[in-house]
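Subject: Structure for your files

Hello,

The structure is placed below, with notes on what was found in it. Please keep it with the notes.

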Amino acid sequence: MSAPRIVHGGGIAAAAAGYGGRPEDWLDLSTGINPNPVAVPEVDAAAWHRLPDRHRQDAARAAARHYYGTPDALPLPVPGTQSVIQLLPRLVSSGRRAAVLSPTYGEYARVLANAGVAVDRVASLDAVSDAHGLVVVVNPNNPDGRLFPRDGLLDLHARVAATGGLLVVDEAFGDMRPEDCIAPLAGNLPGLLVFRSFGKFFGLAGLRLGFVIGEAAVLDRIEDGLGPWAVSGPALTIAATLMASDTAAIRRDIAARKAALDKALAGAGLAVVGGAGLFSLVEHAEAAAIHEGLCRHHVLVRPFDYNPRWLRFGLAPDAAADGRLAAALADVTGR
């Protein structure tokens, strides 16, 4: 029996159907995506007209190598890293178990379990054993922002690789903390695979683009599993331009938006117990009631079925939206 589908962030249409209003009038804080998408560069007509020629992929891979600082590896563009999560069961040796550092992004355990792989949800790196042929660590973690230092991950990799296993490090939220990322080392370390998101940081999640970094033989298996022309020509063209540009202003804007969010949460008396650059995690005994109340104000945040005391808040796009959130919180919490 397959594990049930996971309810992720987003879903504004469903929320509007339940609480009224037009989807475009809601304030969606349920996802960890830059609320201010960068300007999309010009895309030549051939990118739309023709199948994505190899030169477009080569340009995107070169830009990604520069952006992620991977001189010994050419990152592989993929149609969103979720597409590669679907392929992970193929990378687990027969008879071996998988370990997923948890709680975290739920699709890892779900996809592996649905493929018949025995999955252990472990709480610490020390809980990984020789029985685990695949280990998944999301770093910084979603939703609590837990961050493992690079040295700890390298020690874990040495243990996993010594038994012929594979360590997957998901750095989807790593753009704001590049100094903590292990991606620059992935090309030189057999048994290490790093996932990076493009759409979260650049605010272009609808493009469905990510990158995978690792040894060439594993990337070849992933590319074969995805099939030809997996990433569109326009996506490759946009990535090649944006990843070669100066992104300092994007980081500054995200940091300012995060500070404004945390100020609004503090003003409502909500304790921030975790988070990363693109979201904050709140713990509260009345989290379900707060979520319900915010929905009545047409503000959507992310609840968690496995921890009913948690709510994740994404970033608002501007000061006006900060004020809207603060007013809704004041009404809901009485602060």
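**Cores**

The largest nonpolar core holds 69 residues, and those with the most contacts inside it are Phe198, Phe202, Met243 and Phe313. A nonpolar core here is a set of buried Ala, Val, Leu, Ile, Met, Phe, Trp, Tyr and Cys residues joined through side-chain atoms within 4.5 Å; buried means under 20% relative accessible area, exposed over 50%, and partly exposed in between (1.4 Å probe, protein chains only). Apart from this core lies another, of 27 residues, including Leu76, Ala98, Leu166 and Leu219.

This is a predicted model, in which local features need pLDDT of at least 70 and side-chain atom pairs count only at pLDDT 80 or more, while totals for chains, interfaces and linings use all residues. Residues are numbered from 1 along each chain as its sequence is written, and side-chain values use heavy atoms, with hydrogens and water left out.

Leaving aside residues up to four places away in sequence, Met243 touches Ala63, Ala64, His66, Tyr67, Tyr68, Phe198, Phe202 and Phe211 (contact means heavy atoms within 4.5 Å).

**Helix 5**

Helices (H or I, at least four residues) and strands (E, at least two) are DSSP runs, numbered from the N terminus. Helix 5 (residues 107–114) is largely enclosed by the rest of the structure, because six of its eight residues are buried. The buried ones are Glu107, Tyr108, Ala109, Arg110, Val111 and Leu112. Their cover includes helix 4 (82–85), strand 3 (97–101), strand 4 (119–122), strand 5 (132–138), strand 6 (166–170) and strand 7 (192–197). Just after helix 5, Gly116 takes a positive phi of about 90°.

**Cavities**

Two cavities of 30 Å³ or more turn up in a search of the whole structure. A cavity is a set of points on a 1 Å grid over the protein atoms alone where a 1.4 Å probe fits but cannot get out, and lining residues have an atom within 4 Å of a point. Grid points are joined across faces, edges and corners, and a volume is the space filled by probe spheres set on the points.

The largest cavity contains about 50 Å³ of space. Its lining consists of Ala172, Phe173, Gly174, Asp175, Met176, Lys200, Phe201, Ala276, Gly277 and Leu278. The second largest cavity has a volume of about 40 Å³ and is lined by Val128, Ser129, Asp130, Arg159, Val160 and Thr163.

**Salt bridges**

The whole structure has 15 salt bridges, each being a side-chain nitrogen of Lys or Arg within 4 Å of a carboxyl oxygen of Asp or Glu.

- Asp53 and Arg50 meet through their side chains at 3.3 Å, N to O. Asp53 is partly exposed at 29% relative accessibility, and Arg50 is partly exposed at 48%.
- Asp262 pairs with Lys258, with the closest N and O atoms 2.8 Å apart. Both lie in helix 10 (residues 248–267), four residues apart, about one turn of the helix. Lys258 is buried, at 16% relative accessible area, whereas Asp262 is partly exposed at 25%.
- Glu283 pairs with Arg309, the closest N and O atoms being 3.3 Å apart. Glu283 is in strand 10 (residues 279–283) and Arg309 in the loop between strand 12 (302–303) and strand 13 (310–314), so the pair ties together parts that are 26 residues apart in sequence.

Salt bridges with shared partners also join Arg22, Glu24 and Asp25 into one network.

Regards

Conventions: On a 1 Å grid over the protein atoms alone, a cavity is a set of points where a 1.4 Å probe fits but cannot get out, and a pocket is an open set with protein on both sides within 12 Å along at least five of seven lines; lining residues have an atom within 4 Å of a point.
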